[in-house]
Amino acid sequence: MYSHRIKDHTVINLVNALKKNKTLTTLSLECNIITQEGAQYLVRLLEINTTLTTLDLSDTQIQDQSVQYLADALTKNQTLTSLNLRGNQIGQLGAQYLSNAFTTNKTLTILDLSYNDIQYSGTHKLADVLINNTTLTTLDLTKNQIGELGAKQLAHTLQHNKTLAILNLGTNEIGHQGILHLSLALKENRTLTVLDLSENAIGDKGAKYLSDTLIHNTTLVTLNLDTNEIGDEGAQHLADALTNNSSLNILNLGHNQISDTGTEYLGHALANNTTLLSLDLGSNELNNRGGKCLANALINNKTLVSLNLASNEIGDETIEKLALALRNNKTLTILDLCDNKITDSGIQHLANSLLTNTTLISIDLRLNQIGDQGAKCFADVLRTNRTLMKLNLQRNDITRKGAEYLAIVLADHTTVTEIYLRWNRFGEEQREHLRELTNGNERLKLTEIM
């Protein structure tokens with residue numbers, strides 16, 4: 001019931017209808033308006049219902065008093081496992097009510113409190129009760145102004161809690177000092193696998209603390225450090241950790257002011273790392289020097305599956321080196337080169353690599369400088385390549401002529417299911433013509449091809 005703008009009277013009618021229902025397991029009231037009266041009726045449902053496992057109340061304008069009613073219900077309910085309270089008006093008092101519920105509730109495993117206002121005091125209450133909690137596995141506190149002190153309290157919890165596996169703390173003004181507390185806790189914690197610390201201004205100092213932790217930690221699988229001002233020095237620290245770490249699979253370093261110098265550190269680490277599956281370096285300051293270093297790393301790397309280099313300053317020199325690596329690389333499946341400086345010359349090398357590459361399934365080349373010749377290069381190689389499934393060429397310089405090269409090949413192509421050509425140099429009439437050319441490809445028709 002997403003965004004139907006229902007109000008309390010509709011909630012009341014819905015709850016009354018569901019009181020005898022024995023099959024419903026998921027109820028979403030996202031983006032509606034639920035006041036205290038509506039919340040009280042939901043509580044009655046939770047107290048008697050024995051099938052509902054997932055309840056989504058995100059963006060419903062719920063305030064602390066309504067949370068009190070929900071928390072009381074959680075002390076009695078024995079089936080609900082997932083509760084989404086994202087984007088409401090929950091403050092420190094609401095966090096206190098939920099904390100009280102956790103002392104008796106033994107079923108809730110997922111709690112989303114992102115985009116509320118629980119601050120340090122509310123975080124403190126939650127952190128204290130989670131020390132002994134044995135059921136919650138996922139906690140999202142994104143954008144709650146928890147600050148350094150809130151991070152310190154959660155760090156204390158992580159030293160004792162044995163079940164929390166996913167923790168999202170993005171956009172919380174944690175800073176490098178807060179990261180120090182969390183890093184020390186992670187040296188002892190053996191259950192957390194996913195940690196989101198994006199947009200927390202941790203700087204190179206915070207990166208250094210995390211690097212020291214990653215050398216010892218053997219359980220963290222996903223680390224999101226997007227938008228943290230870590231720079232080249234921070235990248236160097238993390239590169240050192242990647243040389244020794246044996247568990248990290250996903251690392252997001254987007255929007256971090258990393259230049260060629262920092263990228264070279266990461267490239268050298270990547271050449272020897274045997275666990276990383278996904279690396280995001282989008283929206284940094286990479287040029288060809290750093291790009292070529294990463295390309296060289298892919299020659300020896302045997303594990304990386306996804307590489308994001310979008311919104312940098314990479315040009316044809318990098319693409320030539322990357323194409324060379326892709327000829328023999330057997331693991332990379334997703335490559336994002338959106339918003340760089342790649343021309344037809346670079347595309348010729350990249351397309352030729354697809355003659356022998358048998359693993360790449362998705363390439364994003366939006367917002368480059370690719371013209372008709374580049375489109376023809378892809379069209380030629382797609383006559384034989386049978387692994388590529390998604391190709392995005394939006395916002396380039398391709399005219400009707402270049403698009404027709406692709407359309408003719410794709411008319412009977414058996415593997416490509418998504419190709420995007422919008423916002424190039426041809427209009428709606430030409431697009432209709434291209435649709436006609438590819439009309440015989442039943443598989444391709446399942447997607448928006450233009």
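1. Let me start with a pair: Glu264 and Arg289 form a salt bridge, with 2.8 Å between the closest N and O atoms (a side-chain nitrogen of Lys or Arg within 4 Å of a carboxyl oxygen of Asp or Glu). Glu264 sits in helix α10 (residues 260-272) and Arg289 in helix α11 (residues 288-300), 25 residues apart. Helices here are DSSP runs (H or I) of at least four residues, strands (E) of at least two, numbered from the N terminus.

2. A word on the basis: this is a predicted model, where local features need pLDDT of at least 70, side-chain atom pairs count only at pLDDT 80 or more, and totals for chains, interfaces and linings use all residues. Residues are numbered from 1 along each chain as its sequence is written, and side-chain values use heavy atoms, leaving out hydrogens and water.

3. Glu47 and Lys76 also meet in a salt bridge (3.4 Å, N to O). This pair links distant parts of the chain, with Glu47 in helix α2 and Lys76 in the loop between α3 and β3 (82-84). Lys76 is exposed, at 51% relative accessible area, while Glu47 is partly exposed at 35% (buried is under 20%, exposed over 50%, partly exposed in between; 1.4 Å probe, protein chains only).

4. Lys208 and Asp212 pair within helix α8 (residues 203-216), 4 residues apart, about one turn of the helix. Their salt bridge spans 3.0 Å, N to O.

5. Do have a look at Ile342, in the loop between β12 (334-336) and α13 (344-353). Ile342 is buried, with a relative accessible area of 0%. Beyond four places in sequence, its contacts (heavy atoms within 4.5 Å) include Ile314, Leu365 and Ile370.
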